[in-house]
Amino acid sequence: MAYPENYKYTREHEWIEVAGNVGTVGITDYAQTSLGDIVFVDAPKVGTKVQKGSVFGSVESVKAVSDLYSPVTGTVTGVNEELHASPEKINTDAHSSWIIKVELSNPSELDALLSAVDYEKFIAEETGK
Amino acid sequence: MRYLPKSDAERAAMLQEIGASSIDDLFTAIPEEYRLTRDLKVPRQMGESEIIDYFKSAAEKNAKAYVSFLGAGAYRHYRPVIIDSLVQRGEFLTSYTPYQAEITQGTLQAIFEFQTMICELTGMDIANASMYDGSTGAAEAVMMAVRITGRDGVLVARTVHPEYREVMHTYAQHQGHDAREAAYGQDGRVDLAALEQSVTDETACVLVQSPNFFGVIEDIPAIAEIAHKKGALLIVSIAEAVSLGIVRAPVEADIVSMEAQSFGVALSYGGPYCGVLAAKEKYLRQMPGRLVGETKDTEGRRGFVLTLSTREQHIRREKATSNICTNQALVALMTTIFLTVYGKEGIRELAMQNLAKAKYAADKLGAHGKLLFAQTPRFHEFVLQTDEPPKRLNARLMENKIIGGLDLQKWYPELGNATLWCTTELTTKEQIDAAAGMVAEISVASAAR
Amino acid sequence: MTSTTNAFVGTPGKVTAHLTQNEPLSFEKSSPGKKGYKLARLDVPEIDAAALLGASARKDEPALPELSEIEIIRHFTRLSTWNYAIDLGMYPLGSCTMKYNPRVNEFVSRLEGIAEAHPYQPEPLSRGAMAIIKLLKDCLMEITGMDAITLQPAAGAHGEFTGMLMTRAYHQSKGNPRKTVIIPDSAHGTNPATAASCGYQVINLKSNAQGGVDVAALVQIVNEDTAAMMLTNPSTIGVFENEIHKIADVLHDKGALLYMDGANMNALVGKTRPGDFGVDVMHLNLHKTFSTPHGGGGPGSGPVACKKFLEPFLPTPFVMLGEDGLLHWSSDRPQTVGRVRMFYGNFGMFVRALAYILANGPDGLRQTTEDAVLNANYIRKKLEDVYELPYTTPSMHEVVFSDKRQVKNGVKTGDIAKRLIDYGFHPYTTSFPLIVPGALMIEPTESESREELDLFVDAMRQIAREVEQNPQVVITAPHATRISRLDETGAARKPVLRWKGPPEDAVEVDTAAKEW
């Protein structure tokens, strides 16, 4: 599976695509495969403050729940309402199905995130276990 | 021992197959100092007739052939006999939680029917397949409201069953709730003016019971308005489910927590009963307990399955909406059968009879005492104030094999000599007349002293 | 019958296909005017509900079904025939202890003086009920080796909650409620959920290579912030923690308590007592160890037993023997955590559990435990060559395998479980405990005869062969049930939680927008 090169990744399997001062966040294809059929996305409201490394919501499948950890600190400026009626979009195309948009308060945090190459290496190690 | 399907020869053969020389070999993991080398000090093994004799003699020591006017959260209604015929079928009695849907469709469909009927009766959109009882259900409803609103103020009416309030207090202990009581007025209902003062932007919920502990029906629309104005949720707790046959459903509530014992569950000295949680659709994901949903199988046939289990403890663990696991499935089945037996017309007729008996009793008894909250609509319970202290009144009634109304001194001392009386469709006119006659005698005698 | 595109490999010895009746929802059979009830004649004057109740009167008619008695009997009887049950055969669910539910228990719980007792009956008229409670308490204290007990909690999880509240109250009485509770990663989900609900932070303790408590790791993390450890013994993999004395010592050294989840007591009754090996507080599951029926998911009962020093914190009220030689209800417990439910507990279950204890006596109870452990070990021996044993430590009353040898054929524990249904058994517990990937958790209990065990072993061995020769038949199982695998994803995405209209209605409930 190709992980978009212009995205950055976390070890908790979120991706972030940054344009200007706004980051778009979703979960990776690896995450959606592990979860199975997604049935519900619990996302915060616009205006919520999020913290790097803290839980901002969750993604549920029939048998499992996964917390969503924010890759960055900032304020939520957008929530993908489509996922409400069609959470399965994440299964079909995880890398286009964004969950929230965040206005970054500290763009330097991006430096600590993984590149596509590093992320692929990371999951290779995880699954190799 | 007759429940164990093995002979000693079989045990020996099995041990040999395992390669153990004796059963002790299988218990070596227990450190020697902790192995019991003596018999447990419990009564000796009894034959079936001896077991029955033991319980019969215990049952004899309980009230037999007494007429009871007790209610207060546990109600004596007629239980159609087919309830026990059906629930004692091994396929219901000895089946497990329906995690394997293909071989537990019986349980699942029955729960789905239960959920539907509870929604119809309470006016809510979703209902769960039962909690432990009305008191813990109320506590869970409060926690649900706190989760939903993110606020921590909780207002509970003083007219809610005192033991429900005790339980809510226990649960709230470590949740950091700011729990306060809402007082009642001269009419026996929640004091609306006082309530309005107490509800703030920090109030998560207002919890009332209707019919309340005094038997009085609360003004739900008015209370709802007060709560909702400040963004608080309204939780209505119902202790007497049969009331829903004739009293309007609390449709303005956000959450309804009900005790369904009245729907065909035996009194059984306080349990097991049947707690139910119902709510508006939008609170679905915050609702604890098991839910059964309709779906299709691979061939497109309709079937039922436990769903939304991600709310539950076996998946979320510490993030679960509640730690609840076992519920009250068999008692919920009893209520499902009960409601199916009575049906649309029957539940109304049943409630009507209860109301009629209580009206008659209140009139008769009210002639020899003061009927409190007389002008406020009530269901089948009422509070009687007498000159005679309840202890003496009830002692005299007991001599005549009548268990009178519940002494309210412990919980509502401000009401003076007050007792809570309940009549159901099973209370006969004769019994009411006899009780009223006795109360009259006792009052006259007491006045004469 | 579902269509089978693949040829069967195995031959079920336990079951043969048979017709079962179909049955729609009761609402779908309902017809206005049909009646299943008749009330006694009203002997008091009729009333005008609208006049009496005013605005509180009900104006709508709830859509409950209208059916005759025979239709109701058929409805529920047909439904019952779709269920598997202990009365039909072995239920190998791990940690559920699906043992025989004796019928004398049902009989005695329905005796008039017991079934019709009102909880607020005056004490002089309740002495029989109170005697039953007292005797059961005494028996359970003896069985657990504890000094005090409450019967109030309604189920195991409720008991855990009570036990943790007591733990907190105890620490609070010493001036510091403490912050954390240690829980092994093999624990049942109710454990961490309970600890969190009492305001404690959960610290997960990774199990050691034998699937037990890593005592060295435990020593590292126990400190003065530790309120308690919640332990299941035997563990959820069916293994007795033989370092239990060390575990208890490590905790007690730092003033922490040892809480035991008593779900697996069926391996211990009559052979050892938790109170003897260092447990301070524990809960029991009457619906597991003490034979009260599961009834499709409840009711249960979860008494909490404890050592003397925790007695002051137990819930109230409690039954005690007064100076007058009579039993009384007392609330004289100033440091009580309070009440965890109304009235006294699931009394109906107390009656059943006590009947079970009386039917067994000390010898029966011990023999029961021995047979439970014998049965589990027999299954282990007969299946260990075909299913992977993740841990070689001795099993007690339950054995845990993994699907490691089957996964290479694309078959997982969940599939094997579904195929077991075709062989006439209820599945074992799949995918729990979490420390065993692809777990098969099997607890036969003492109630299984050698014949039933052999049929189970035979079925499991045939399925193992099918995994090799025709994995598809396992992956697409079950094939012989009246309904095949259900779409759980659809059920969760678009929940339909009640009947709404005429049959075949395609109403899809909207998962409404969150406001909060």
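This is a predicted model: local features need pLDDT of at least 70, side-chain atom pairs count only at pLDDT 80 or more; totals for chains, interfaces and linings use all residues.
Reader: How many residues of helix 7 of chain C are buried?

Author: A residue is buried if 20 or more other C-beta atoms, placed from the backbone, lie within 10 Å of its own; it is exposed if 12 or fewer do, and partly exposed in between. In helix 7 of chain C, 15 of the 18 residues are buried, so this helix is largely enclosed by the rest of the structure.

Reader: What span does helix 7 of chain C reach?

Author: The expected span of a helix is 1.5 Å times one less than its number of residues. Helix 7 (residues 156–173) reaches 25 Å from its first C-alpha to its last, close to the expected 26 Å. Helix 14 of chain C (residues 450–469) reaches 28 Å, close to the 28 Å expected.

Reader: Which residues of helix 14 of chain C are buried, and what covers them?

Author: The buried residues are C:L453, C:L455, C:F456, C:A459, C:M460, C:I463, C:A464, C:E466 and C:V467. An α-helix has 3.6 residues a turn, so residues three or four places apart point the same way. The cover includes helices 11, 12, 13 and 15 of chain C.

Reader: Which residues touch the most other members of the largest nonpolar core?

Author: A nonpolar core is a set of buried Ala, Val, Leu, Ile, Met, Phe, Trp, Tyr and Cys residues joined through C-beta atoms within 7 Å. Among the 335 residues of the largest core, those touching the most other members include B:V206 and C:L258. Helix 11 of chain B (residues 329–366) supplies the largest share, 21 residues.

Reader: How many residues does each chain bring to the contact of chains B and C?

Author: Two residues are in contact if their C-beta atoms, placed from the backbone, lie within 7 Å. Chain B brings 167 residues and chain C 175. On the side of chain B, helix 11 gives the most, with 23 residues.

Technical notes:
Residues are numbered from 1 along each chain as its sequence is written. Chains are lettered from A and ligands numbered from 1 in the order in which they are written. Helices (H or I, at least four residues) and strands (E, at least two) are DSSP runs, numbered from the N terminus.
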